[in-house]
Amino acid sequence: MKIGEAAAAAGLEPSAIRFYEKQGVLPRPARTEAGYRRYDADDVALLRLVRGARRLGVPLDDVKEIVALRVRGEAPCAVVRHAMAREAEMIDTRIGELQALRQELLRLQEQADRLADDWPSGSCVCHIVEGENPPVTKRKAPR
């Protein structure tokens, strides 16, 4: 089958297949006499493996290693497990960072809500975003 058919069967775009080939993630495919890429069922299975690994956030270098193992007929299970564990740990770290950011945003939003009535425009809270300390005393809008 040609690249478009293989891409459809694997759930990828042809451009993604070309990208993975260019990056050395996928081996060079067989070619027809006219120079078109030619794929078979084994190639489609490999493409699905790449798609699945990338969907899970596995970095390209790890995917490259996984594919190389598979092509050599070796089980890539240990590499896959390690990559998934590392990605899950990175997600946990990112979740913690996002939760801390959320708490900071909520704190600043409360602060902005308290100060909003004190500014001439009724909504100026730029100093909060700029990282400046808000005024300690409430300021009255000029009349």
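Predicted model: local features only at pLDDT ≥ 70, side-chain atom pairs only at ≥ 80, totals over all residues.
Leaving aside its neighbours within four places in sequence, which residues is E87 in contact with?

Start with the elements. The chain holds six helices and two strands. From the N terminus, the order is α-α-β-β-α-α-α-α.

Next come the totals. The chain has 143 residues, and 27% of them are buried. Its accessible surface is about 10200 Å². Carbon and sulfur atoms account for 53% of that surface. Take the contacts between residues at least 6 apart in sequence: 40% of these join residues at least 24 apart.

Helix α1 spans residues 3-10, and helix α2 spans residues 14-22. They pack with their axes 8 Å apart, at an angle of about 100 degrees. Angles of 65 to 115 degrees count as roughly perpendicular, so α1 and α2 are roughly perpendicular to each other. On the α1 side, the contact is made by I3, G4, A6 and A7. On the α2 side, P14, I17 and R18 make the contact.

Move on to helix α5, which covers residues 77-115. E87 sits in this helix. E87 is buried, yet it has no salt bridge. The nearest side chain of opposite charge belongs to R86, 4.0 Å away.

That leads back to the opening question. Beyond its neighbours within four places in sequence, E87 is in contact with G57, V58 and P59.

Technical notes
Residues numbered from 1 in each chain as written. Heavy atoms only, no water. Helix = DSSP H or I, 4+ residues; strand = E, 2+ residues; numbered from the N terminus. Buried < 20%, exposed > 50% of the residue type's maximum accessible area, 1.4 Å probe, protein only. Contact = heavy atoms within 4.5 Å. Areas by Shrake-Rupley, 256 points an atom, 1.4 Å probe, with all protein chains shown as cover. Lys, Arg positive; Asp, Glu negative; His and termini not counted. Axes fitted to C-alpha atoms, helices over the stretch in contact; angles between N-to-C directions. Parallel < 35°, antiparallel > 145°, perpendicular 65-115°, else oblique.
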